[in-house]
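Here is a short report on a protein model, taken step by step. Have the structure open while you read.

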Amino acid sequence: MRLWGVVSGVAWRTLKNVITTPSLLLPSLMFPLFFFVAFAGGLSQVQNVPGFDYPNGYTAFQFVFVLLQSAAFGGVFTGFGVARDFEGGFARRLMLASPNRTGIVIGYGLAAILRWCITATLLTVIALASGMKVGGGPVDLIGLYTLALIINICGFFWSAGIAMRLRTLQAGPLMQMPVFLLLFLAPVYVPLALLGGAMHAVAKFNPITYALGTGRGLLAGDATQVGLSFGLALALALVFSVWALRGLRSAEAAG
Amino acid sequence: MSSPLLTQVGALAQRSIMRTARQPASAIPPLIFPVALLLMNSGGLKASTELPGFPTDSFFAFALAVPFIQGALFSTMNAGTDLARDIQTGFFSRLSLTPVRGSALLAGQITGIVVLGIVQAVFYISVGLLLGVRFASGPAGIALLLVYAALVAVGFGALGSFLALRTGSGESIQGLFPVLFVFLFISSMNTPRDLIAVPWFHFLASINPVSYLIECVRSLIITGWDARALALGFSIAIVLAILALIAASWALSRRMERT
């Protein structure tokens, strides 16, 4: 009960802040839509490249990338909020008032999930309205959104860990640049087999590559490497949860 | 007694350049970020050179044009943010009490942005040459590219100054960044316009002036001397520069009245 009180309080406040502040809400809604439009619209001819074998078309191919990207950045943007709360002194008062401080991290995390749900809903509606083909059944789609949800949690734990260690919004680039690089060093525009040279070598060792491949497979109803993708994503979530909780201890130690 | 205009412009330009050079957060992203995006996109979209009608077999050479315009967008933000900071901190008000002419203030600010634009262009050209791009237009084309980069920097720098003088807020300028980015992404930055298959995207890319700014640079890199692409690119850059300068001068005079 003590834990849930903190979790729900922090989550509600964070979510309310985001929803009632257009400068916080709009970028997280607009950027994924904008990327989706730019990639699915501007690059649709890429599906005619020899060897491009995704059956559901380029819109669906890009939808999965943008969905995972929105999930990761939904988490990172919530990390910005954590940094802002520390910078403004609110987080220190929050720590003094909380009977269970782990609940603070979980509360922010819950807000990250709920915030991303808004983006994911809007993105999905627009993708379907623009004629995206869906080949997967309900179980496949639940799998796709669950995978994205785990990536959302990873993004949040990563950025929250940094926010609680550095406790300043100036750490923003440090929170988002690695995530941005990880996402774009995956097969964003074409399947892994069509990537050449150094990009192919890097993408092979990038966990996002497997999440993308499985996500695209789930949307098409023909998923591969499901265990590996979920295993990698869950392992990352676990590692970053430890990272975030140790960040909390670091913030506690700093007073 | 006012000092000569050129001295005033020189002093303000030097201040603008030194301020950018002393802030790594302002100087480095316009150099590194466009090149990083270029490298990632080149790796990811290399396969699209196999599309029938794609104008080159090197996507890196095709996309090398993009950083020139992306860097100019960063210049807009830098020019605007710096000027907005001057307004917010009161530097602008104090300067307006001195004999410095308004035109010198604007010219000095934009000269600083032009120098940064040329530094960026030299950097992008060097990266291209180091990674094996052969400029189809040769050394003369590279020289013309530097002139073009300066012209584009005038336009975008004046645009940033106009926005700063109108809003007087650095945060508002930063908030406009996504809007400017939309122009970049809804253009022919990743695909030649005649290969864009989605009709509405093709239409938007065709009415987007950024497409022609990019295609002008691209023509010098992969085509050679394409009179049409050069004429369109230079015309748009000149019109943008003139309109942005007029708008910035007007905003400056309004701001001076209020100060």
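## Chain A at a glance

How many helices and how many strands make up the secondary structure of chain A? There are ten helices and zero strands. So if you read along the sequence of chain A, you get the pattern α-α-α-α-α-α-α-α-α-α. Keep in mind that this is a predicted model.

What about size? The C-alpha trace of chain A spans about 60 × 35 × 30 Å along its principal axes. A compact globule with 255 residues would have a radius of gyration near 18 Å, and chain A has 19 Å, which agrees. Buried residues account for 50% of the 255 residues in chain A. Now take the contacts in chain A between residues at least 6 apart in sequence: 81% of them join residues at least 24 apart.

## Chain B at a glance

Chain B has 13 helices and zero strands. Its radius of gyration is 19 Å, close to the 18 Å that the globule rule gives for 259 residues, so chain B is as compact as a globular protein of that length.

Along its principal axes, the C-alpha trace of chain B spans about 65 × 35 × 35 Å. Buried residues make up 46% of the 259 residues in this chain. Among contacts in chain B with a separation of 6 or more, 80% are between residues 24 or more positions apart.

## Where the chains meet

## Two crossing helices in chain B

Now find helix α5 (residues 65–89) and helix α8 (residues 138–167) of chain B. Their axes come within 7 Å and cross at roughly 35°, and the crossing of α5(B) and α8(B) is right-handed. Residues making this contact include B:F68, B:A72 and B:L83 of α5(B), and B:V152, B:F156 and B:L163 of α8(B). The contact of α5(B) with α8(B) divides into 16 nonpolar residues, eight polar and no charged.

## A helix that packs against both chains

Next up is helix α3 (residues 29–45) of chain B. At 1.5 Å a residue, its 17 residues should span 24 Å, and the end C-alpha atoms are 23 Å apart, which agrees.

Which residues of α3(B) are buried? Among them are B:P30, B:V35, B:L38 and B:M40. The buried residues of α3(B) pack against α7 (172–184) and α8 of chain A, together with α4 (59–63), α5 and α7 (102–130) of chain B.

## Two residues with positive phi

Most residues other than glycine have a negative phi. A:R167 has a positive phi, near 55°, and is not a glycine. You'll find A:R167 in the loop between α6 (138–166) and α7 of chain A. Is A:R167 buried or exposed? A:R167 counts as buried because it has 20 C-beta neighbours inside 10 Å.

A:Q225 also has a positive phi, about 50°, although it is not a glycine. A:Q225 sits in the loop between α9 (207–220) and α10 (226–254) of chain A. With 15 other C-beta atoms within 10 Å, A:Q225 is partly exposed.

Note on methods. Residues numbered from 1 in each chain as written. Chains lettered and ligands numbered in written order. Predicted model: local features only at pLDDT ≥ 70, side-chain atom pairs only at ≥ 80, totals over all residues. Helix = DSSP H or I, 4+ residues; strand = E, 2+ residues; numbered from the N terminus. Rg over C-alpha atoms; globule rule 2.2 N^0.38 Å. Buried ≥ 20, exposed ≤ 12 C-beta atoms within 10 Å, placed from the backbone. Contact = placed C-beta atoms within 7 Å. Axes fitted to C-alpha atoms, helices over the stretch in contact; angles between N-to-C directions. Left-handed = near helix turned anticlockwise from the far one by under 90°. Nonpolar A, V, L, I, M, F, W, Y, C, P; charged D, E, K, R; others polar. Expected span 1.5 Å × (residues − 1).
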